[in-house]
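I have my notebook open and a structure to look through. Here is what I looked up, entry by entry.

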Amino acid sequence: MLEDFWFNVEYGINHVLDINAYDHVLFLIVLTVPYLFKDWKRVLLLVSLFTLGHTLSLVLAAYNVVSVNGQLVEFLIPITIMVVALFNVFTAGKGAQKERVGVLFFSTLFFGLVHGLGFAREFQILVGRADNKLVTLLEFALGIEIAQVIIVFIVLFLGYIMQTVFRFSKRDWIMVISAIVVGLVIPMILGSDFLS
């Protein structure tokens, strides 16, 4: 039982930290880069909303409620990253990330749904052999959340170092990182099977 628990949690952690599927990491980078350590509650809420969306779509897939076109989802995932990165570029230094509950929260939840659908097929194989799909799903979600918190901490820490030690302005830090992510995502969009 404990062995299964650790397997599922580790599977969730590896899903996020997989170097070959770095779209998850890129999304977390652009989601976190506008914030500082003092904003940790807000960042945790955003990341948890993303996990919630991700988990929800996996529940729907695991119980065969939804079936999606894999190529469309693989095309939409880099689009979601691009949208958040461009939002950062156009709002850097304007405090748009400080809104109460707005576009950012709902879009993060929606993007979580999209990203979850991208993993749905592989996840169905995982739960196919499980006695209790829901428990497996929750353990997997816990792994995802742990990995996301690690990435968020690294991004916040790097932001702190760059802005205090290297004297980057917050605006420049957001612009540079978001622009790098845009540069990484464009080939993912153009190389999508959905467009060919």
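**Helix α6.** I began with α6, which has 32 residues and reaches 46 Å from its first C-alpha to its last, close to the 46 Å expected at 1.5 Å a residue. The expected span is 1.5 Å times one less than the number of residues in the helix. Helices here are DSSP runs (H or I, at least four residues), numbered from the N terminus. This is a predicted model, so I noted that local features need pLDDT of at least 70, side-chain atom pairs count only at pLDDT 80 or more, and totals for chains, interfaces and linings use all residues. Residues are numbered from 1 along each chain as its sequence is written, and side-chain values use heavy atoms, with hydrogens and water left out.

I then checked the start of α6, where a side-chain oxygen of N132 reaches to within 3.1 Å of the backbone nitrogen of L134.

**A surface patch.** Which residues form a nonpolar patch on the surface? I found L142, I146, I150, F153, I154, F157 and L158, with about 600 Å² of accessible area together. Patch members have over 30% relative accessible area and no salt bridge, and nonpolar side chains (Val, Leu, Ile, Met, Phe, Trp, Tyr) are joined within 5 Å. The areas come from the Shrake-Rupley method with a 1.4 Å probe. I picked out F153, which lies in α6 (residues 133-164). F153 is partly exposed, with a relative accessible area of 47%. For these words I keep the cut-offs at hand: buried is under 20% relative accessible area, exposed is over 50%, and partly exposed is in between.

**Helix α1.** Next I looked at α1 (residues 2-17), whose 16 residues reach 22 Å from first C-alpha to last, close to the 22 Å expected at 1.5 Å a residue. Its buried residues are N8, V9, G12, H15 and V16. They sit on the same side of α1 because they cover an arc of only 115 degrees around the axis. That arc is taken from the directions from the helix axis to the C-beta atoms. On the face turned away from the buried side of α1, I found the exposed residues L2, E3 and W6.

**Salt bridges.** How many salt bridges does the structure hold? I noted 2, where a salt bridge is a side-chain nitrogen of Lys or Arg within 4 Å of a carboxyl oxygen of Asp or Glu. One joins the side chains of D39 and K38 (3.8 Å, N to O). D39 is buried at 10% relative accessible area, whereas K38 is exposed at 64%. The other salt bridge pairs R171 with D172, with the closest N and O atoms 3.7 Å apart. R171 counts as partly exposed at 44%, and D172 counts as partly exposed at 36%.

**M82 and I189.** I found M82 in helix α4 (residues 70-91), buried with a relative accessible area of 15%. The C-alpha atoms of M82 and I189 are separated by 9.2 Å, although the two residues are 107 residues apart along the chain.

**Positive phi.** Last, I looked up backbone angles. N64 is not a glycine, yet its phi is positive, near 55 degrees. N64 is in the loop between α3 (40-62) and α4, and is exposed at 59% relative accessible area. R167, also not a glycine, has a positive phi of about 60 degrees. I located R167 in the loop between α6 and α7 (170-190), where it is exposed at 67%.

Conventions:
Patches are made of residues with over 30% relative accessible area and no salt bridge: like charges are joined within 9 Å, nonpolar side chains (Val, Leu, Ile, Met, Phe, Trp, Tyr) within 5 Å. Helices (H or I, at least four residues) and strands (E, at least two) are DSSP runs, numbered from the N terminus. Buried means under 20% relative accessible area, exposed over 50%, partly exposed in between (1.4 Å probe, protein chains only). A polar contact is a pair of N or O atoms within 3.5 Å; within protein, one must be able to donate a hydrogen and the other to accept it, and residues adjacent in sequence count only if both atoms are side-chain atoms.
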